[in-house]
Amino acid sequence: MNPYTLSIWSLVAALLGQSLASGLAVELFLRQEQTASARRAWLAMAIGSMLLALHHGYALELALRTGLYDLRQAVLGGLVALCFALGVWGLRRLQA
């Protein structure tokens, strides 16, 4: 697998992972049985995660349209997004 293809797949994984984390955080924000401070924390995580997903989408678009990519940044973004999604998933299970 060449570096360009690996970057594209890493950015796709980053976009999907961040989107999953954002959706889970929004779901937890909408639960009414939490305290106000917990709901604000989930809202902050949802907004931050949505912005990171948008950033990964722009990086993916840049790589696909122009061929400009950074392999290290793409792989790091993919790993971080998946770890963040797993962390939010774990916190969701604790809240349930």
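## Ground rules

The model is predicted, so local features need pLDDT of at least 70 and side-chain atom pairs count only at pLDDT 80 or more, while totals for chains, interfaces and linings use all residues. Residues are numbered from 1 along each chain as its sequence is written, and side-chain values use heavy atoms, with hydrogens and water left out.

## Helix H2

Let's start with H2, residues 36-66. Helices here are DSSP runs (H or I, at least four residues), numbered from the N terminus.

Just after H2, Gly 67 takes a positive phi of about 85 degrees.

## Rings and charges

Ring pairing (Phe, Tyr and the six-membered ring of Trp, centres within 6.5 Å; planes under 30 degrees apart are stacked, over 60 edge-to-face, the rest tilted) turns up one aromatic pair. Tyr 4 and Tyr 69 have ring centres 5.4 Å apart and planes at 70 degrees, so they meet edge-to-face. The pair joins helix H1 to the loop between H2 and H3, 65 residues apart.

A charge counts as over a ring if NZ of Lys or CZ of Arg is within 6 Å of the ring centre and within 35 degrees of the ring normal. Arg 39 has its charged end over the ring of Phe 29, 4.7 Å from the centre, and Arg 92 does likewise with Trp 89, at 5.1 Å.

## Gly 78

Gly 78 belongs to helix H3 and is buried, at 5% relative accessible area. Its C-alpha atom is 5.4 Å from that of Ala 13, 65 residues away along the chain. Leaving aside residues up to four places away in sequence, Gly 78 touches (heavy atoms within 4.5 Å) Ser 10 and Ala 14.

## The largest pocket

A pocket is an open set of points on a 1 Å grid over the protein atoms alone, with protein on both sides within 12 Å along at least five of seven lines; lining residues have an atom within 4 Å of a point. The largest one holds about 170 Å³ of space. H2 and H3 each give two or more residues to the lining, and H2 has the largest share, four residues. Among the lining residues are Leu 11, His 56, Tyr 69 and Gly 77.

Methods
Expected span 1.5 Å × (residues − 1). Buried < 20%, exposed > 50% of the residue type's maximum accessible area, 1.4 Å probe, protein only. 1 Å grid on protein atoms, 1.4 Å probe; cavity = no way out; pocket = protein on both sides within 12 Å on 5 of 7 lines; lining within 4 Å. Points joined across faces, edges and corners; volume = space filled by probe spheres on them.
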